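Subject: Structure handover

Hello,

Here is the structure I promised to pass on. Please open it first, then read my notes below.

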Amino acid sequence: NGASGIAVGMATNIPTHNLGEVISAIHMLMNNPDVTVAELMKALPGPDFPTGGVVMGKAGIRQAYESGQGSIIVRAKVEIEEQKNGKQRIVVHEIPYMVNKAKLIERIANLAREKEIDGITDVNDETDREGMRIVIDVRRDASAEVILNNLYKMTLMQTTYNFNMLAIVKGAPKILSLKEILQYYLEHQEEVVRRRTEFDLKKAQNRAHIVAGLRIALDHIDAIINIIRSSETSELAKQRLMDDYSLSDRQAQAILDLRLVRLTGLEREKIEDEYQKLVAAIADYKDILAHQERINQIIYDELMEIQNKFGDERRTELQVGDISNIEDEDLIEEEDIIAKTPLVFGCDVCQEVCPHNKDIPTTPIPEFQSVEPYINIDELDSLTNKEFKAKYGNRAFSWRGKKILIRNQNIIEGK
């Protein structure tokens, strides 16, 4: 489970993870104490939120696992459905962790009503027992991809989760890496196994001590009965038993408390069997405490039992490759544009074609030789800037991130 809390000037924020993946990472560390964080991430690739969603990229996860601090972008899991009437709809199946579904739907509806996001015609919650389904209907002439980018930017369909893996280590707060957290967990589990085994050993030794006294009593039952019958008080009977048979106070008291039914042959066999089992258990407990490999095997077996009993499949999808913040261009529908001007001017200031500012002093550019009769815009955009310049020379330049090519004093503008 994750952890989130705040203390005096200190806050902890650790996301939830998949149980099976965490146990696999622990096993990897047990087998190789020198394992790196990158290797651990093969078993534990990232957080696993109970509400699912999509984590964008692994760079933030890697940074958090290595340093204890970092951030990741979590998005809702959506799909765009094409309807028979040609319209599109955005269907949300999972939302980021700790996002309230009702408030999210209300926020989307308000943005559509106030025209802050244009193109949404309706928002419906069709969630049922089969899973979450938030349906956002898109107007026929609108782009679902552009609307989705607006939703990511303006709603909690995209959130940022900040790691701060702070924990109390030996009484002091410390920010831990993934490997350190697993190491301290193994140390804790080792202490648990040792203290539990020491407790079981002490308990078995105490019981074996009592049963050993009962075995002595059953071997001399007639004499012991005579001692008890001839004693005036129970204290005198106890003292005589301790003196005559070298018994401890607890052993003598156990004999006095012995029920007569325990004197039958079957009960005598049960006492002997119990004693032999106690002797074997005591030897086993001592062997566990004397050998570190046995403690490790107990930890391993217990973790495997937990994994087999409670492990489940990962819910959160980890998407390869990072994303940057959504820019304004992502919120505008893309179109292929061919812009033509009858005459192109060169800017005296930047020595480039400068059609965006008529106030800058300009001079006509000499007539250029004709280039290829047909230019494919997609091919134009597929070239790198270096290849673009090499192919078309001084007829090629970039303006506002787009490739511009001069052909017969006309501008051919890329996407």
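What share of the 415 residues in the protein is buried? Buried residues make up 36% of them. Buried means under 20% relative accessible area, exposed means over 50%, and partly exposed lies in between, with a 1.4 Å probe and protein chains only.

Two notes on the source. This is a predicted model, so local features need pLDDT of at least 70 and side-chain atom pairs count only at pLDDT 80 or more, while totals for chains, interfaces and linings use all residues. Residues are numbered from 1 along each chain as its sequence is written, and side-chain values use heavy atoms, with hydrogens and water left out.

Overall picture

The protein has 13 helices and 17 strands. These are DSSP runs numbered from the N terminus: helices are H or I with at least four residues, strands are E with at least two. Residues 24 or more positions apart account for 62% of them. The accessible surface comes to about 25,000 Å², and carbon and sulfur atoms hold 49% of it. Areas come from the Shrake-Rupley method with a 1.4 Å probe; for residues, only the protein chains shown count as cover.

Cores

The largest nonpolar core has 30 residues. Such a core is a set of buried Ala, Val, Leu, Ile, Met, Phe, Trp, Tyr and Cys residues joined through side-chain atoms within 4.5 Å. V55, I61, Y65, I72, F163 and L182 have the most contacts inside this core. Several elements each supply at least two of its residues, including α3 (59-67), β4 (69-75) and α6 (178-219). A second, separate core has 23 residues, among them I95, L111, A144 and Y152. Leaving out residues up to four places away in sequence, I72 touches P47, F49, V55, G60, I61, T159, T160, Y161 and F163.

The four-strand sheet

Look next at an open sheet of 4 strands, ordered β5-β6-β8-β7 with antiparallel pairing. Two strands pair if DSSP finds at least two bridges between them. The edge strands are β5 (77-82) and β7 (120-125), each pairing on one side only. Neighbouring strands are turned by 20° against each other on average, direction ignored. Axes are lines fitted to C-alpha atoms, for helices over the stretch in contact, and angles run from 0 to 180 degrees between N-to-C directions.

β5 and β6 (residues 88-94) share 6 bridges; K77 has E94 as its partner in β6. β6 and β8 are joined by 4 bridges, and R89 is partnered with D137 there. β7 and β8 pair over 5 bridges, with N124 facing V135 as its bridge partner.

β8 is mostly covered, with 5 of its 5 residues buried. I134, I136 and V138 point one way, V135 and D137 the other.

Helix α5 (residues 144-154) lies across β5, β6, β7 and β8, at about 40° to β6.

T197 is in helix α6. Is T197 buried or exposed? It is buried, because its relative accessible area is 5%. A polar atom of its side chain lies 2.7 Å from the backbone oxygen of V193. Not counting residues up to four places away in sequence, T197 touches Y285, I288 and L289.

R195 also lies in helix α6, but R195 counts as exposed, at 56% relative accessibility. R195 and L289 are 94 residues apart in sequence and 9.5 Å apart in space, C-alpha to C-alpha.

Best wishes

Conventions. Contact = heavy atoms within 4.5 Å. Polar contact = N/O pair within 3.5 Å; in protein donor to acceptor, adjacent residues only side chain to side chain.
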